[in-house]
Amino acid sequence: MRDVPLSNCEKEFILAAIREGKRLDGRQPYDFRRIKIKFGVDRGCCQVHLGETLVLAQVSCEVVSPRQTRPSDGILFINVELSPMASPAFEVGRMSDFGVEVNRILERCLKESRCVDTESLCIISGEKVWQVRVDVTVMNHDGNIIDCASIAAISALAHFRRPDVTVNGNEITIHPVEERDPIPLSVHHMPICVSFSFYEQGKYLLVDPTDKEEKVMDGRTVIGMNKHREICTLQVTGMMLLLKDQVLRCTNIAVVKVAEITELIHKALDNDRQARLKGEKYGFAESVVTESVTANQKPETTVDSEKSNEEADALNAECEEIEVNGKDLGIGAIGEGGKNTWEIEDFEIDDDEENFKEGEVADDIESELTNEKAALQTGKPTVKTAVRSGTTNEVNVWIVGSSIVYWAGERAEDCDLQNLGLYEKGAIIYWDGWRGMKWNALLGRLQSNLEDKEYPQPDILIIHLGSNDVSSEDTEKLIHKMLLDLEVVQEMFPSARIVYSELLSRRHWRGIKVEEGEKRKERINTMVGLYVKAKGGLIMRHDDIIRQNVCLFRKDGVHLTDTGNDIFIQDLIGAVDECGDLGDDSEEETTMVLNSKDLQITANPVAKLGCIHFIGGQVYEWAGGWEGINNWFLDHYSKL
């Protein structure tokens with residue numbers, strides 16, 4: 001039986017969501033689904049849930065004769081079975097092309113990587129060896145069977161115990177479990193497969209695709225890797241061509257995912273071992289929650305109606321009683337019809353107010369026509385600018401950036417600081433963190449906030465972006481691109497003050513050495529910071545976040561821990577408070593004017609800019625003025 005294909009509408013909807021960086025289940029592009037690892041009562045039995053995908057792996061062993069080519073090595077045999085109850089596309093007794101592909105990938109990942117010491121499976125060289133068999137059965141198919149099967153297989157091998165053997169001459173004695181404790185397999189490392197799906201000829205990338213996402217993908221890349229960053233297998237399928245940078249990006253993502261999954265497997269093995277040592281109950285049956293309804297039933301929710309009842313009683317007390325006269329049996333009416341008899345005055349629109357609104361609409365239309373006319377004359381595209389309606393004392397703050405902003409927003413929400421504690425001072429914070437975001441996506445993201453999310457015009461725009469471009473882009477070209485885009489941002493939001501959040505230090509820069517990454521980061525912060533300062537913006541520094549402090553970074557060396565996010569949030573609060581002039585305790589900025597002699601300016605124009613620093617909260621300004629620096633800045637980068 002063939003699987004049910006997707007309709008054209010479903011395909012277009014899924015692809016449109018991928019273009020916007022969204023997924024049907026709400027995950028980010030690089031996120032895995034929830035993984036559950038369970039072990040059975042027997043050794044070597046493992047069940048893995050990857051979202052709705054379910055795979056069962058069972059390891060067994062027997063004594064056989066060795067292969068003639070390797071008389072001293074045991075045998076590791078892997079068998080994959082695609083059960084018909086997993087998907088209607090799978091048939092009994094007939095291995096499909098996809099099943100053969102999954103079987104071969106697991107063999108290359110587990111056997112050819114030598115993760116299991118087969119020499120330790122030898123009993124008598126050339127005569128008797130152990131054959132370890134791994135049977136992998138797919139119980140439910142909801143996408144990404146390869147990753148789920150690899151996790152189940154290596155977990156089952158690590159959980160398996162073979163019987164102990166005694167050799168006396170040519171006599172072999174296999175001891176049962178009651179006589180001697182079984183012996184675990186010698187597992188050197190744990191190779192894990194990570195699958196990537198590509199769309200629109202490699203333009204978009206997803207990790208851990210679901211069944212529907214696999215049906216619309218152009219191709220797939222599977223990387224088998226262990227936590228030591230050793231690639232065990234690599235396979236690319238599909239009608240597409242990949243660049244070297246795309247493959248390197250996939251390997252960098254796989255490094256993080258494999259480390260997390262390996263840690264999860266060790267934790268599950270340790271929990272099972274502790275339960276067996278303490279005599280507690282274990283196995284699949286004990287892992288099922290019995291005190292719950294397994295059918296599709298909406299959970300019961302408790303609604304507090306006391307406040308609503310009090311408000312209803314108060315309204316009823318204020319209302320006057322209305323007499324209802326019965327016209328006939330079974331008929332009731334209030335009033336006589338025709339003219340309004342509810343004793344409520346009809347709402348009339350004030351003529352002045354209506355004329356005012358019509359004038360606003362006319363002004364808006366005239367402004368749009370003027371902009372379109374100017375665009376046609378000059379040949380330059382128009383930039384949509386947000387228009388504030390009405391007057392207000394609120395200060396709208398946008399915080400836009402990559403995963404640093406995303407996790408800071410999550411941390412702020414956990415600590416009930418979504419508004420950074422500045423709501424009473426009139427500030428309203430709009431978080432827009434996008435994991436994996438690069439500088440090229442900035443303008444589109446801002447335009448989307450205006451059109452799709454309908455954010456109000458920002459008074460303060462904080463941008464923390466560019467770290468993901470440091471290792472993949474040329475530094476000078478990246479700076480040039482950032483300056484041009486910041487010029488466009490100022491045209492989009494002419495009344496907003498731009499705040500450039502300096503790029504953070506990292507303990508690990510993907511693809512380059514740490515020293516080189518820090519050097520590029522400092523260069524970008526210096527040049528872009530000078531430009532933003534020259535345009536009247538503000539520089540947000542992060543002096544307390546240093547890469548030498550391991551407590552501030554997660555294991556990947558890139559993202560911040562809760563402590564690091566707390567420091568980043570404090571820097572945001574300080575920047576908003578200073579930039580928006582919130583509160584009464586703001587300090588005045590101290591300005592010291594230095595001439596070229598005090599700055600020790602050399603003949604190199606780049607060194608001239610490098611001699612201007614921000615030290616101790618004071619702004620050291622060149623006596624020639626920022627206008628001269630800005631002119632050199634634009635002239636220098638226009639020649640690149």
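Which residues does Val136 touch, not counting residues up to four places away in sequence? The views below, taken from a predicted model, start there.

**View 1. Val136 and the residues it touches.**

**View 2. The largest nonpolar core.** This core holds 66 residues. Val136 is one of five that touch the most other members; the others are Ile37, Leu157, Phe196 and Ile265. Helix 3, residues 145-159, gives this core its largest share, 11 residues. In soluble globular proteins, nonpolar side chains tend to be buried together.

**View 3. Another core.** A core of 36 residues lies apart from the largest one. Among its members are Ile428, Leu461, Leu465 and Tyr500.

**View 4. Helix 3 packs with helix 5.** Two packed helices are described by the angle between their axes and the distance between the axes. Here the angle is about 40°, and the axes of helix 3 and helix 5 (residues 244-278) are 11 Å apart. The crossing is right-handed.

**View 5. Residues where helix 3 meets helix 5.** Helix 3 brings Ile151, Ile154, Ser155, Ala158 and His159. Helix 5 brings Ile261, Ile265, Leu269, Asp272 and Arg276. Six of the residues in this contact are nonpolar, two are polar and two are charged.

**View 6. The whole protein, for context.** The protein has 16 helices and 24 strands. Of its 640 residues, 41% count as buried. The protein exposes about 37,100 Å², with 49% of it supplied by carbon and sulfur atoms.

Definitions and conventions. Residues numbered from 1 in each chain as written. Predicted model: local features only at pLDDT ≥ 70, side-chain atom pairs only at ≥ 80, totals over all residues. Heavy atoms only, no water. Core = buried A, V, L, I, M, F, W, Y, C linked by side-chain atoms within 4.5 Å. Buried < 20%, exposed > 50% of the residue type's maximum accessible area, 1.4 Å probe, protein only. Helix = DSSP H or I, 4+ residues; strand = E, 2+ residues; numbered from the N terminus. Contact = heavy atoms within 4.5 Å. Areas by Shrake-Rupley, 256 points an atom, 1.4 Å probe, with all protein chains shown as cover. Axes fitted to C-alpha atoms, helices over the stretch in contact; angles between N-to-C directions. Left-handed = near helix turned anticlockwise from the far one by under 90°. Nonpolar A, V, L, I, M, F, W, Y, C, P; charged D, E, K, R; others polar.
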